[in-house]
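Please look through the following report with the sequence and the structure side by side. It begins with the chain as a whole and then turns to a single residue.

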Amino acid sequence: MCGIIGMVVPGQQHGFSYNEVKTMEQLLYLNALRGQDATGTVVYNNDGTFIVNKDNTPSWEYLQTPEWNDMSHLLFKQSVAFLGHN
C-alpha cells in the first residue's frame, strides 16, 4: 500500500510558514503507516519549476537526509505546492 499527502500555499503568498512545513513533516512521517518501502517528495516553485526527490527509505529516515533539509529550506522561500508519497 501507499499514501499521498499534499499542501498548497494559501492565497498569493510564496513559501510555506514554519508551522506548515512542520505539519508536512508530521504528515509524511505518519503516512509511513501506508508504506515503508520508499519516500518521495515533489515541490512546485513559484517560477514553475519542480524539484523531485525520492529515497528507498521509510519517511522517518528520509526526513533526516541532507536532501530533505535542502528541500525544506526551499519550502520556506519559494514553493507554492508540496506532495509527499510513501
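## Order of the elements

In what order do the elements of the chain run from the N terminus on? They follow the pattern β-α-β-β-α-α-β, and the chain has three helices and four strands, where helices (H or I, at least four residues) and strands (E, at least two) are DSSP runs numbered from the N terminus.

This is a predicted model, in which local features need pLDDT of at least 70 and side-chain atom pairs count only at pLDDT 80 or more, while totals for chains, interfaces and linings use all residues. Residues are numbered from 1 along each chain as its sequence is written, and side-chain values use heavy atoms, with hydrogens and water left out.

## Extent and burial

Along its principal axes, the C-alpha trace of the chain spans about 35 × 20 × 20 Å. Of the 86 residues of the chain, 42% count as buried, a term that means under 20% relative accessible area, with exposed meaning over 50% and partly exposed in between (1.4 Å probe, protein chains only).

Among contacts (heavy atoms within 4.5 Å) in the chain between residues at least 6 apart in sequence, 63% join residues at least 24 apart.

## The residue E25

E25 has its place in helix α1, which covers residues 18-30. Because its relative accessible area is 18%, E25 counts as buried. If residues up to four places away in sequence are not counted, E25 touches L63 and W68.
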